[in-house]
Amino acid sequence: MTTTVIDPRSVWDAALGELQLRVTRANYETWLKHTVGVSLRDGEFVIGAPNAFVLEALEQRMFSLISETIEHVLNEPVNVSFRVSMSSGGSSVAEDRVPAPPTPARDAAPASTEPAQFEWPPYTRLIKLNARYTFDRFVVGRSNELAHAAAEAVAAKPGSTYNPLVMYSGVGLGKTHLLHAIGHRAVAMGLSVIYATNEKFTNDYIKAIREGTTEEFRDHYRNADMLLLDDIQFLIGKEQTQEGFFHTFNALHMANRQIVVTSDRPVSALRLLEDRIQSRLTGGLVVDMQPPAIETRLAILKVKAEQAGHDVPESVLELLAERVYDNVRELEGSLNRVIALAHATDSPIDVDLVTRAIDDMVDSLTTREAPPDLVLDTVAAHFGMGIDALAGRKRDKKTALARHVAMYLLREDAKLRLTAIGRVLGGKDHTTVGHGCDRIAVQLGVDSALRRQVANIREALAAS
Ligand code: ADP
Ligand code: MG
């Protein structure tokens with residue numbers, strides 16, 4: 001049997017890369033920069049600190065952050081311990097390799113930073129709900145009636161019907177709209193509602209950790225009567241924020257406070273979320289929404305036209321409803337475009353105008369998405385290999401990375417479906433493609449070198 005030898009130094013370097021994103025620059029420079037990965041044996045990870053002072057600070061203030069980060073890198077639990085050691089000559093992240101111990105004033109609190117970096121705004125109770133996203137402006141059809149009914153039920157009796165309620169659908173199909181609609185009702189009932197996109201939740205949480213104000217963070221989120229969390233898929237790959245979410249979730253759930261979450265993919269496909277979060281999410285009710293059928297699209301267009309204060313002929317609405325079919329946001333956009341064009345050219349809203357407006361729109365849609373061939377060419381060129389290598393079976397590190405980046409960009413920028421990507425890449429299975437895409441998505445969160453590479457490729461794509 002062969003055993004894999006994992007080099008503690010490279011593990012720690014990877015962890016440092018991640019930590020660099022999570023702590024302030026000052027904290028990083030003072031406490032982490034001159035540390036090294038000393039050994040990894042039997043689940044024990046030893047980190048070397050340049051002196052006892054740093055050691056103590058790491059132990060007391062960053063222990064769980066460090067443990068978590070290493071576990072994230074290794075993908076398994078470890079016991080972390082520290083010892084004074086610079087014998088290994090400095091980590092490769094600390095390029096200057098000068099083991100000069102940092103010399104902060106002895107009385108400085110270890111996690112402190114320059115005052116300028118402390119200017120985070122306090123958590124606010126402000127909720128920002130879009131006034132147009134109400135129940136009476138939501139058109140119900142076969143594709144969304146279940147989600148709509150569940151949302152109504154939850155709004156009528158928060159905390160006592162379905163908890164949590166999870167709504168998922170592809171983009172632009174009304175998740176955020178329903179989430180806000182629930183929020184409006186709850187506010188009208190005098191409940192305190194927190195609406196957060198997961199981006200905001202993550203930022204708040206990371207700030208709180210950085211600041212040592214996790215108590216305030218908890219209080220803020222846990223005192224809500226209702227927590228509306230939009231786009232939970234953004235938690236993928238953010239283990240630490242998942243932890244924060246998990247605890248917030250439990251506290252609210254135990255107190256029978258309503259939690260509503262949206263996701264742009266089914267919960268079962270959020271496979272990079274921790275199991276315990278997945279099982280919490282499926283513990284209430286999960287409903288999905290599909291693209292609306294033509295009669296619902298037509299009804300939506302009528303509502304939107306009325307809201308915009310325009311009398312749009314039925315024939316025009318029908319034409320639009322036929323042309324744009326799998327995204328309500330784009331459907332709405334097509335109507336707005338027609339109205340704008342009518343204003344701009346001072347012409348009546350008729351079928352002729354629609355044809356012009358739509359032709360424009362089709363152009364802009366196609367230029368917005370990168371052509372798949374171009375993505376393949378550009379990725380291959382960037383990695384100095386042929387397209388055949390991307391579509392081939394070779395699995396060395398470089399080829400695998402290039403292939404995964406290609407998958408990712410074909411999904412994100414060329415908007416291909418997983419099965420289509422598999423086909424383009426020499427007949428690969430859609431789950432393989434899904435894994436490849438997710439791998440890059442996660443890695444982009446922690447690997448700045450990869451971020452740069454992907455940015456370069458995108459620049460090259462935009463230039464051609
Ligand atoms: P998602 O959050 O699923 O990406 P949104 O809730 O942002 O989608 O919806 C996109 C746009 O489409 C919004 O302007 C929303 O009002 C509108 N929309 C979606 N579904 C409906 C519907 N059933 N009735 C009315 N408007 C809708
Ligand atoms: Mg949304």
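Visitor: What should I know about numbering and cut-offs before I start?

Guide: Residues are numbered from 1 along each chain as its sequence is written, and chains are lettered from A and ligands numbered from 1 in the order in which they are written. As this is a predicted model, local features need pLDDT of at least 70 and side-chain atom pairs count only at pLDDT 80 or more, while totals for chains, interfaces and linings use all residues; side-chain values use heavy atoms, with hydrogens and water left out.

Visitor: How many residues does helix H13 have, and what span does it reach?

Guide: Helices (H or I, at least four residues) and strands (E, at least two) are DSSP runs, numbered from the N terminus. The expected span of a helix is 1.5 Å times one less than its number of residues. Helix H13 covers residues 328-345, which is 18 residues, and reaches 26 Å from its first C-alpha to its last, close to the 26 Å expected.

Visitor: Which residues of H13 are buried?

Guide: Buried means under 20% relative accessible area, exposed over 50%, and partly exposed in between, with a 1.4 Å probe and protein chains only. In H13 the buried residues are Val 328, Leu 331, Ser 334, Leu 335, Val 338, Ile 339 and Ala 342. They lie on the same side of H13 because they cover an arc of only 130 degrees around the axis; the arc is that of the directions from the helix axis to the C-beta atoms. On the face turned away from the buried side, H13 carries the exposed residues Arg 329, His 343 and Ala 344.

Visitor: What is found at the ends of H13?

Guide: A polar contact is a pair of N or O atoms within 3.5 Å; within protein, one must be able to donate a hydrogen and the other to accept it, and residues adjacent in sequence count only if both atoms are side-chain atoms. Asn 327 caps the N-terminal end, with a side-chain oxygen 2.8 Å from the backbone nitrogen of Arg 329. Just after H13, Asp 346 takes a positive phi of about 50 degrees.

Visitor: How many residues surround ligand 1, and which are the closest?

Guide: A residue is near a molecule or strand if one of its heavy atoms lies within 4 Å of it. Ligand 1 is surrounded by 19 residues, the closest being Gly 172, Lys 175, Thr 176, His 177 and Glu 332. The shell divides into seven nonpolar, seven polar and five charged residues. Here Ala, Val, Leu, Ile, Met, Phe, Trp, Tyr, Cys and Pro count as nonpolar, Asp, Glu, Lys and Arg as charged, and the others, Gly among them, as polar.

Visitor: Which polar atoms lie 2.7 Å from an oxygen of ligand 1?

Guide: One is a polar backbone atom of Gly 172. An N or O atom in the side chain of Thr 176 also lies 2.7 Å from a ligand oxygen, as does an N or O atom in the side chain of His 177. The protein covers 95% of the 560 Å² of accessible area that ligand 1 has on its own; such areas come from the Shrake-Rupley method with a 1.4 Å probe, and for residues only the protein chains shown count as cover. The elements that give two or more residues to the shell are helix H6 (175-188), helix H11 (294-307) and H13.

Visitor: Where should I look for backbone exceptions?

Guide: Most residues other than glycine have a negative phi, and most peptide bonds are trans. A cis peptide bond joins Asn 163 and Pro 164, with omega about 0 degrees. Pro 164 is in the loop between helix H5 (145-156) and strand S4 (165-169). Asp 42 has a positive phi near 50 degrees and sits in the loop between strand S1 (36-41) and strand S2 (44-49). Phi of Lys 415 is near 55 degrees, and this residue is in the loop between helix H17 (397-412) and helix H18 (418-424).

Visitor: Why does Asp 42 count as exposed, and why is Lys 415 partly exposed?

Guide: Asp 42 counts as exposed because its relative accessibility is 79%. Lys 415 is partly exposed because its relative accessible area is 49%.
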